Amino acid sequence: MLVRYKKALEKIAMGLISLMPQEKEIKRLMETIQHYEQDEKWVLYLWKKDDEYVGAVGLVEQDAVATIQHITVIPSYRGEGVAMEMLQELRELGYETIQANEETESFIQKCIPILKEAD
């Protein structure tokens, strides 16, 4: 289940986003979190499975288009379809188009055909 980010989840969100290769530096990670907190077009969701946060998907929204900035799943849950579930739930939230930025493009391009099949 997607849970919208709030300040109380900051440490969890930082831990999840730090799994992305470009977010290893603490300074960049702090700037990223600030974007999600301060820019209303930047939206961050955490994926909660049972009682544990196991993934995160961050996007920039414009109209009904979601440009995925960050998508990550903790290693012990990778390969179980968690990222696909997050993207599918984004579609259910009303994001008609899901696209990637440079850093998420290779992964998102693999997911788009699967999402279209599910329609």
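The largest pocket holds about 230 Å³ of space. Keep in mind that the model is predicted.

**Stop 1: the pocket lining**

Select L19, M20, P21, I71, T72, V73, R78, A83, E103, T104, S106 and F107; these residues line the largest pocket. Now colour by element. Two elements, β4 (65-73) and α4 (105-118), each give two or more residues to this lining. Which of the elements gives the most to the lining of the largest pocket? That is β4, with 3 residues.

Switch to colouring by class. The pocket lining shows 7 nonpolar residues, 3 polar ones and 2 charged ones.

**Stop 2: α1 against α2**

Next, select residues 10-17 for helix α1 and residues 26-38 for helix α2. A packed helix pair is described by the angle between the axes and the distance between them. Here the angle is about 125 degrees, and the axes lie 10 Å apart.

**Stop 3**

Show side chains on both helices. From α1, pick E10, A13, M14 and I17. From α2, pick I26, L29, M30, T32, I33, Y36 and E37. These residues make the contact between α1 and α2. By class, the contact has 8 nonpolar residues, 1 polar residue and 2 charged residues.

Terms used. Residues numbered from 1 in each chain as written. Predicted model: local features only at pLDDT ≥ 70, side-chain atom pairs only at ≥ 80, totals over all residues. Heavy atoms only, no water. 1 Å grid on protein atoms, 1.4 Å probe; cavity = no way out; pocket = protein on both sides within 12 Å on 5 of 7 lines; lining within 4 Å. Points joined across faces, edges and corners; volume = space filled by probe spheres on them. Helix = DSSP H or I, 4+ residues; strand = E, 2+ residues; numbered from the N terminus. Nonpolar A, V, L, I, M, F, W, Y, C, P; charged D, E, K, R; others polar. Axes fitted to C-alpha atoms, helices over the stretch in contact; angles between N-to-C directions. Contact = heavy atoms within 4.5 Å.
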